[in-house]
Amino acid sequence: MSWQENSSNYSLKKFWHSIILAGSFWILSISMTTLGGSVAAFSGCALAYYLINSAHTKKAIRLFRTSILLGIYAGIFLLGLAFSEFLVDTKPLAQSLSPIVTYQFGEITRWFTMSFACGLFLRTFAVRQIYGPILEILFVATAFVFTLAAHRNGMIHRPFFIGDFAQIRGIDPSVILLTFGCGAVLTLSALLVLEQSGKRLLYHFSTLIMLCLSLFFYVNLFGLPTPQTTDSMGLTGREAGTNSQNENPFRDGENENSDREAPVAVVVFRDDYEPLNGAYYFRESAYSQFNGIMLDYSNIDGMDPDLIRLFPQDRTETSNPPPGREQHQLTRTTVGMLVPHKNPFGLESPVIYQNRTNPNNLRFKRTYDTYSLAPQYELEYLLNRETGDDGWSEEILAEYLKIPDDDRYKTLAMELLAELKPEFKEDPFAKAWTIKAYLDENGIYSLKNQHAYESDPAASFLFGDLTGYCMHFSFAATYLFRSVGIPARVGIGYSVPAANRSGGSALLVQAIHGHAWPEVYFKGIGWVIIDPAPQQTLVDMTTDPQDTLQQMLGDMLRNEGSFQEFLNSQRKPYFDATTIINTAYLIIIAILTMAYLIKAYRLSAPRLLANDKNGRLRFRAILDRLASIGIHRRLGESRERFALRACSIAPSITRVTEMHLALALGKDKKIGLKEEWQNFESAVKEEIKLNTNWRSKILALLNPFSWLLTK
Amino acid sequence: MTTNGTESSEREFIKAQEVLLKLQTIVKQQVLGRDNIIELAIISLVADGHILLEDFPGSGKTTLAKALGEAIESEDITTESTIPFRRIQFTPDLLPSDVTGVSIFDTKTDKFHFRHGPLFAHIVLADEINRTSPKVQSAMLEAMGEKQVTVDNTTYVLDELFFVIATQNPLDLVGTYPLPTPQLDRFLFKITMDHIDRAAELEVLDSIDERKRLLSNYDKVNRDDVLKARETIGGQIYISRTIKTALVDISRSLREDDRVLQGNSTRSMVLLLPALQARAALRGRNYVSSEDIENLIPEVLNHRIELVPGVNDFEKVLQDSMERPLDELAKSTLTK
């Protein structure tokens, strides 16, 4: 029966409970869906909680077994998923509403039904099973962990607003993350405290302790996890690794595009450079040596001497810069790696590597300058040029021409070259371009990879459905080039659309930009990228513009004072500590002075003012004296009752109260004798002096706010 | 003139106070350990209300009523049958005429002659009022409300000083007709009595003979003096507007309380005013104070408020409702 007596309290608790859970859904969803989707997730869960809270005691619901209810929820879940799929996939709908609206609509339905069903499930479990609320706690914990995990080790990741907020204001993002973590702990504790049953409370706290203990042991045994993102091309990883291809590069594509937009590095251009083919290529390494199965990093002396392997200790120049200075522009760039890489990479083709002081250890794993000889020739310039290099020995040239033991490469290549005009029949560039054009026209770009487990994935791709990603295209093209005697290799690194630079000098390299491309060596020019660009693609390779992040990281990396200035300019309104502290001091001092002045005024007012209406000022002064030693009227207490309580300290108060009330509530408004009031005031003063110890007296004198207690 | 006026009114006030104190003293000597209830009874008598005592048999109800009745004397009784004190024991077979009186045909004069019932008294003790049929209850309640009795279409006016002390046993409810809330509204106070404390109980046993002897020897209070005191108190005890504001606020906050099914009527507040004045007079004050409200409101409201089923703590509900208005009242003495 007691629930009725504090029903408002009860429903308030339920309300907070549902807000916490719905908030967790929201937090969980921000990194995975659109704004509409996360709002839908929030409202779905809130609705579910409202429904269960208001209906679970109803007879109709109580009749169902938990398992049946869970089945119903699963049905709702699946229906919602199916419906949202249907929305997104229905063509007429997309045509009439525009694809964006349909997509939004689909996201909203999906997240609403998902969180609605999950909310129903969690709440039903919680009200029916004694251990049910543990699921809720675990869910809240997971939601926070899931969202924050992407930011671990100070990485910048989705949801970007958390890190960006901190970066722009020059705060260490870990503070923000800690704040979020504290928020999580607080919400969890709130959830715990909201529980009313003592038995359940025990379960709750043991779960929390278990969570903490397992975290502690995990960190102690395995250490904190290091970021593992963006390894789709085998570019990133521990720096000290052996430079060999220990895994099939074709299988990397199976890493779904989960972290596609994660930033991996930022490049600042120190010299003006615009690529002629619409994309910046950053070479990290190359597969050039055929190892019997496929192309791999070469371990033969004299092969790929242009590559800079591992990270040198200090300034290093490549032993074999591309020839033909006039066709290249020496371009200086600064690279800041956000994720550890195996090798340094630089704008094609890097010739000088130089370490650089890291301006921000929290942000950059490694920073260095590269000087690159960036290509500056039109494609026509490559016509009528020979391939290969005079410095190459016979063995090396042979290595660059090795292909799998498969005649189909040569057959296909010859077939394609047969259509060449007679004047270009023997021109290596024309041959290469023809092969590239064939792949452009017939290849289909897709991250879905059917060929990974074939013995020769490139053959499976080339002579099969021609559907694959850059690895397939570049391997296929390289084999075709080599089959017709053009020395080629697969360059790997990043390829970033030139448009991404948006006019600034900084360029953000993201995981999605990881790329592999075929390269051909032309005499007097060096390695030339001939990158097939399939006209049909099944993947959306575009990214959201990250201009702010790009510029910010660039400024940070450039470290020429502008970033500090930027930070300072941002900081001033927020964090000028001295001004804030001084203002705070001033305000405090002003408040204290005001309080003391008011206190003194109220005590002396009866003497200062001739016209003490109804002896009210006297009475107030007496009450102020009592309040300063901690005796004041409580809420709802009548004056008589207070007098009764206070008369142990100051017995005169009873009589004074009577006089005061007679004047305040009585008919006659005549003022009592001034002397009588004065006598009472001094009597109370004496009594207080007599009945309190010296400590209370000092406190009474010092307390500036005691008069606030007089009511 | 004004001095004369104030002086005479002050004299009247003192006289009224004396009457009340005298009544209180007499009854206190007869009923031991029940000072609070005696005070409420006297307040009710002065405020022209009636009281309903709820307690077990043998707790001194009759003694209280009798002592009060015996303390009042009337010099010139207009109706020959109005006597100081009557007691009616209510039973299921009682008829309204047993209470009000009956017209009897006098064969000598060939006329109907009204024989006054037990209601024609100053103090009437209505014992176990919930045991009788609703018909009798309503006759009783008409008399209480209108101070008159109607028999055979003739209306007989009761004495101006007509005061009912009704009782009911809270436990033995079998075969009773509980009074519905509107009828309870006729009683100014409903007082639930506890057992008296140990010392008082011992004193009761010790002084039984002495008290019997004393009863006939009191210097009694004149009926007219009581009526005069009633008038004086009503006219002279000042009720400040802030006090009235507090009363209205308390009523309103009770009505708005979720735990209250039905709040108190405006009439209850109207009836409360003279009671507050009487209490102030008993305390020697010429104004009503918040202390009076605090003490009288529970007795006035506890039978007028219906709580939501499941909520039992009336005191808590009332405390919560009184907190704000009383705080405002206390604050206002410094600010207004």
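Strand 6 (residues 121-127) and strand 9 (residues 163-168) of chain B pair in the parallel sense over 4 bridges, where strands are DSSP runs of E with at least two residues, helices are runs of H or I with at least four residues, and both are numbered from the N terminus. Two strands pair if DSSP finds at least two bridges between them. Leu125(B) stands opposite Ile165(B) in strand 9 of chain B. The model is a predicted one, in which local features need pLDDT of at least 70 and side-chain atom pairs count only at pLDDT 80 or more, while totals for chains, interfaces and linings use all residues. Residues are numbered from 1 along each chain as its sequence is written, and chains are lettered from A and ligands numbered from 1 in the order in which they are written.

This pair belongs to an open sheet of 5 strands in chain B, ordered 3-6-9-1-10 with parallel pairing. Strand 3 (83-89) and strand 10 (189-192) of chain B each have a single partner strand, so one side of each edge strand is left without a neighbour in the sheet. From one strand to the next, the twist averages 15 degrees. Helix 2 of chain B lies across strand 1 (51-54), strand 9 and strand 10 of chain B, and runs at about 170 degrees to strand 10 of chain B; angles run from 0 to 180 degrees between N-to-C directions, and axes are lines fitted to C-alpha atoms, for helices over the stretch in contact.

Which residues of the largest nonpolar core touch the most other members? Of its 91 residues, these are Ala41(B), Ile51(B) and Ala275(B). Such a core is a set of buried Ala, Val, Leu, Ile, Met, Phe, Trp, Tyr and Cys residues joined through C-beta atoms within 7 Å. A residue is buried if 20 or more other C-beta atoms lie within 10 Å of its own, exposed if 12 or fewer, and partly exposed in between, with C-beta atoms placed from the backbone. Helix 2 (residues 35-46) of chain B supplies the largest share of this core, 8 residues. Leaving aside residues up to four places away in sequence, Ile51(B) touches Leu40(B), Ala41(B), Ser44(B), Ile165(B), Phe187(B), Leu188(B), Phe189(B) and Ile191(B), contact being counted when C-beta atoms, placed from the backbone, lie within 7 Å. Of the 336 residues of chain B, 39% count as buried.

Turning to chain A, strand 14 (residues 514-522) is mostly covered, with 9 of its 9 residues buried. In a regular strand the side chains alternate between the two faces of the sheet. Gly514(A), Ala516(A), Pro518(A), Val520(A) and Phe522(A) point one way from strand 14 of chain A, and His515(A), Trp517(A), Glu519(A) and Tyr521(A) point the other way. Strand 12 (residues 488-497) of chain A pairs with strand 14 of chain A in the antiparallel sense over 7 bridges, and Val490(A) has Pro518(A) as its bridge partner. Strand 14 of chain A is also joined by 4 bridges to strand 15 (residues 526-529) of chain A, again antiparallel, with Gly526(A) as the bridge partner of Phe522(A). Strands 14 and 15 of chain A form a hairpin with 3 residues between them, and Gly524(A) in the turn has a positive phi of about 80 degrees.

Finally, the contact between the chains takes 20 residues from chain A and 23 residues from chain B. Helix 23 of chain A gives the largest share of the chain A side, 5 residues.

How values were computed
Contact = placed C-beta atoms within 7 Å.
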